[in-house]
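Colleague: I have a model open and I'd like to learn how to read it. Can you walk me through the features one by one?

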Amino acid sequence: MAKVCFILVVTTVVVLGLAASTVHGQGTRLGFYHAKCPNAESIVRSTVQSHFMKDPTISPGLLRMHSHDCFVRGCDASVLLDGPDSERTAVPNLTLKGFEVIDDAKLQLEDACPGVVSCADILALAARDSVVLTGGLRWEVPTGRRDGRISLVSEVNLPSFSDSIEVQKEKFRVVGLNTHDLVTLVGSHTIGTASCRFFSYRLYNFTTTTESGADPTINPSLVGRLRELCPEDGDGSNRVELDIGSPEKFDLSFYSNLRRGGGILESDQKLWNDDSTRPTVRHYLGSRILRGRSNFRVEFGKSMVKMSNIDVKTGIEGEIRRVCSEVN
């Protein structure tokens, strides 16, 4: 994959219609660190940007890490805790990347404002900043989360690459997210890659109804290319762009690919094939550009705010970790 050679600075803020003090009654609010650590957001932003310049793949990495955190015990940075039976040891989390970015930001924040900024808030802010660096719109991130003390591999039940739409919707429903949020947040796959092991089963002996044996929902013109990248006798470690043609830019091409049978993950392609999710994909593809912003990029910020407030700990709950990988 070609290395990104630009930084797109977006100053437009998505207006989310949030109350000035709290969001969804969860206790987070805009400007939480204004008095105690006024430079908190700028420290996180500059840290993410510094790492992005060296390795642009940290952007999808941080975005994915934040979602994996929020779907287990809520957005409390439990995914950052290290240990033999922690969430980090679950199979879906073994390929997470960006831990060093969070650790770097935490180190700087502890120097500037000891014991003030939580790891959970750092992760939420870093996910937002990662989207901005790849061309997405900036949204305001309510802060005030506190860090959890428990991280168990046995509790990890994340949306999977082979899940049906009904299973995906149920996994989103139990954490308070609806079908619209599902289609919108999966749009994060407009940046990043996936290992062949997560989709190569679609390329070989998937069905007897097609001459090639490949999943018939894959565009036939794409099968040959994917087989070159993911040989049947390979170890599955090769990585393929989730958004072929535009993997480093936060745009609509991911959804365009779904319409053409170009979804790399089976769960992604089902967003177009299922009657309950296709209308939202069509809406994004057919939406007009308003003041330089497509509906998808605006809605993505709204759904991210909603996701990042799943079962957050605030007030006297949890703690503010001194080191993100271990409890105090």
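This is a predicted model: local features need pLDDT of at least 70, side-chain atom pairs count only at pLDDT 80 or more; totals for chains, interfaces and linings use all residues.

Colleague: How much of the chain is buried?

Modeller: Buried means under 20% relative accessible area, exposed over 50%, and partly exposed in between (1.4 Å probe, protein chains only). By that rule, 55% of the 328 residues count as buried.

Colleague: Which residues of helix α7 are buried?

Modeller: In α7 (residues 220–229), they are Leu222, Val223 and Leu226. Looking down the axis of α7, the buried residues fall within an arc of 110 degrees, so they line one face of the helix. That arc is taken from the directions from the helix axis to the C-beta atoms. Ser221 and Glu228 are exposed, on the face of α7 turned away from its buried side. Strand β4 is among the things covering the buried residues of α7.

Colleague: Now the record. Which residues does the UniProt annotation "binding site" cover?

Modeller: UniProt positions are given in the numbering used here, feature names are shortened, and annotations may be inferred rather than shown by experiment. According to the unreviewed UniProt entry, "binding site" covers Thr190, Asp243 and Asp251. They span 62 residues in sequence, yet no two of their C-alpha atoms are more than 9.6 Å apart, so they gather at one spot.

Colleague: Is Thr190 buried or exposed?

Modeller: Thr190 is buried, with a relative accessible area of 0%. Its place is the loop between α6 (179–186) and β3 (193–195). Leaving aside residues within four places in sequence, the contacts of Thr190 include Asp243, Asp251, Lys249 and Phe254.

Colleague: And where is Asp251?

Modeller: Asp251 sits in the loop between β4 (239–241) and α8 (253–259). At 18% relative accessibility, Asp251 counts as buried. Not counting residues up to four places away in sequence, Asp251 touches Thr190, Asp243, Ser246 and Phe296.

Colleague: Which side chain does Asp251 join through a polar contact?

Modeller: A polar contact is a pair of N or O atoms within 3.5 Å; within protein, one must be able to donate a hydrogen and the other to accept it, and residues adjacent in sequence count only if both atoms are side-chain atoms. The side chain of Asp251 has one of 2.6 Å with that of Ser246.

Colleague: Last topic: how many disulfides are there?

Modeller: A disulfide is a pair of cysteine sulfur atoms within 2.5 Å, and that rule gives four. Counting bonded cysteines along the chain, the pattern is 1-4, 2-3, 5-8, 6-7.

Colleague: What does the link of Cys119 and Cys324 look like?

Modeller: Their sulfur atoms are 2.1 Å apart. The torsion about the S-S bond of Cys119 and Cys324 is about -95 degrees, so the disulfide is left-handed. This pair links distant parts of the chain: Cys119 is in helix α4 and Cys324 in the segment after α11 (295–307), 205 residues apart. By contrast, the link of Cys37 and Cys113 is right-handed, with 75 degrees about the S-S bond.

Definitions and conventions. Residues are numbered from 1 along each chain as its sequence is written. Side-chain values use heavy atoms; hydrogens and water are left out. Helices (H or I, at least four residues) and strands (E, at least two) are DSSP runs, numbered from the N terminus. Contact means heavy atoms within 4.5 Å.
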